[in-house]
Amino acid sequence: MLTYSNWTSHGTTLRCIFLAVILLILTLAISQSRYSIYTQLHTQLESSTSQPVLSPRELAGNYTLGFQKLLALSTHSSWRTRGLEAAASLTGLEFTIPPQAQTSEEHIQAFQNIGVNRGTKSPAYGSAKAWLAHIDLLKFVIASDFETAFIVEDDVDWDTRIKTQMSLISDNVRVYTGVPEDDPTPFGVNWDVLWLGHCGSLIVDEMPPPLMYEDDSRCETELYSGWSKRFLREKLMDGHRQVQASFLTVCSFGYGVTKEGAKKMVNLLSKGADEAFDVALSGHCREGKLKCLVVNPQVFNHYEPPTNSGYLSDVHVGDGQGETNDEFEFENSKGTTGNIMKSARCEALFHDVCMRPPSEI
């Protein structure tokens, strides 16, 4: 017969056995979990230590082109961003499109009016809105604590050989700026702006001596379209690009910034009082307030829908230059990109080249 005391003793024994089993299971689980974590860490360490150290020119040919981040300036999803994503996928690049703040009408108008009483130039509405968007993205670079970043507008295009082009740019920017051999950075940091995407840059004798280098992916001068064509004809032989100081550069299709450069740009460019962001940036470069390097001719340019499609950019619409057709009209029609021999956008979307016809403007 089982007495109360025996039952109690027996129950206590069962509870002890039960707790011991639970403790054993937990111990095994924790041990397994720790083993799993350490195994993963060991695997990662083995993987990282077995990888060869990449040279600066090899880093310039990676998925962010040697910058800490590739950033695209865009207000919403459209044919522009879809083309950007297609071109990036084709060429193995990774762009981030940070959300853009909604700028109030009052803010835009106030920015337009900076310096008006002093007789300074003022941006039109669309240009002012785009200018403020660039400043917001520069603030994002600063807040994110990026050492370097490369900023593009969302209709930008580049050559399918962009990674090879960037390796050459790395080689020559490092030489031009005197980067030490043991500095592993692709471009050094002895600059504020590395202007790679533009629609022309002046070449004059008053500039510091440029550094010319061979690049057979560059379009021939006679095929070039843009206002700076005559300077290329007179000052730069075919089959070559050059790293140079920015004396007069137009259009901000793609530009690199250092952390310190971004801070300087926000401080200088938040003061407005000029006709457009790129014009103001070019002025600060020319005056020496910013250290700006240019690769000439450009390696990034903007893609445009066909001329007969009724396309007008958001900036031009905002500036009162007319209205544009619905964006769906541009989605499946092949346009053109100036001075890019093998367009990444057109190859990705249409399996074709699409270089704009040559011109002097």
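1. A residue is called buried when its relative accessible area is under 20%, exposed when that area is over 50%, and partly exposed in between, with a 1.4 Å probe and protein chains only. By this rule Lys264 counts as partly exposed, because its relative accessible area is 37%. Lys264 is found in helix 8, where helices are DSSP runs of H or I with at least four residues, strands are runs of E with at least two, and both are numbered from the N terminus. Leaving aside neighbours within four places in sequence, Lys264 is in contact with Asp192, Lys289 and Leu290, contact meaning heavy atoms within 4.5 Å. Lys264 and Leu138 stand 126 residues apart in sequence, yet their C-alpha atoms are 9.9 Å apart in space.

2. On provenance, this is a predicted model, in which local features need pLDDT of at least 70 and side-chain atom pairs count only at pLDDT 80 or more, whereas totals for chains, interfaces and linings use all residues. Residues are numbered from 1 along each chain as its sequence is written, and side-chain values use heavy atoms, with hydrogens and water left out.

3. For the chain as a whole, the assignment gives 11 helices and 11 strands, and 45% of the 361 residues count as buried. Among contacts with a separation of 6 or more, 79% join residues 24 or more positions apart. The accessible surface comes to about 18,600 Å², and carbon and sulfur atoms hold 57% of that area; accessible areas come from the Shrake-Rupley method with a 1.4 Å probe, and for residues only the protein chains shown count as cover.

4. Strand 7 (residues 240-245) deserves a point of its own, since 6 of its 6 residues are buried. His240, Gln242 and Gln244 lie on one side and Arg241, Val243 and Ala245 on the other, and both faces are covered. Strand 7 pairs in the antiparallel sense with strand 6 (residues 211-214) over 4 bridges, and also in the antiparallel sense with strand 9 (residues 292-296) over 4 bridges; two strands are taken to pair if DSSP finds at least two bridges between them.

5. Helix 9 (residues 277-286) is mostly covered, with 8 of its 10 residues buried. The buried residues are Phe277, Asp278, Ala280, Leu281, Ser282, Gly283, His284 and Cys285. Their cover includes helix 5 (125-143), strand 5 (193-197), strand 8 (254-258), helix 8 (259-269) and strand 9. After helix 9 comes Gly288, which has a positive phi near 85°.

6. The peptide bond from Asn296 to Pro297 is cis, with omega near 0°, and Pro297 lies in the loop between strand 9 and strand 10 (300-304). Ala273, although not a glycine, has a positive phi of about 60° and lies in the loop between helix 8 and helix 9. Asn339 is another residue other than glycine with a positive phi, in this case near 70°, and it sits in the loop between strand 11 (336-337) and helix 11 (344-350). Asn339 is classed as buried because its relative accessible area is 5%.

7. Void analysis was run on a 1 Å grid over the protein atoms alone, where a cavity is a set of points at which a 1.4 Å probe fits but cannot get out, a pocket is an open set with protein on both sides within 12 Å along at least five of seven lines, and lining residues have an atom within 4 Å of a point. Grid points are joined across faces, edges and corners, and a volume is the space filled by probe spheres set on the points. The structure holds 1 cavity of 30 Å³ or more, and the largest cavity contains about 30 Å³ of space. Its lining consists of Asp159, Gln165, Ser217, Arg241, Val299, Asn339, Ile340 and Met341.

8. The second largest pocket has a volume of about 220 Å³. It is lined by 14 residues, of which Cys199, Gly226, His302, Arg356 and Ile361 are the closest to its centre. By class, this lining has 5 nonpolar, 7 polar and 2 charged residues, where Ala, Val, Leu, Ile, Met, Phe, Trp, Tyr, Cys and Pro count as nonpolar, Asp, Glu, Lys and Arg as charged, and the others, Gly among them, as polar.
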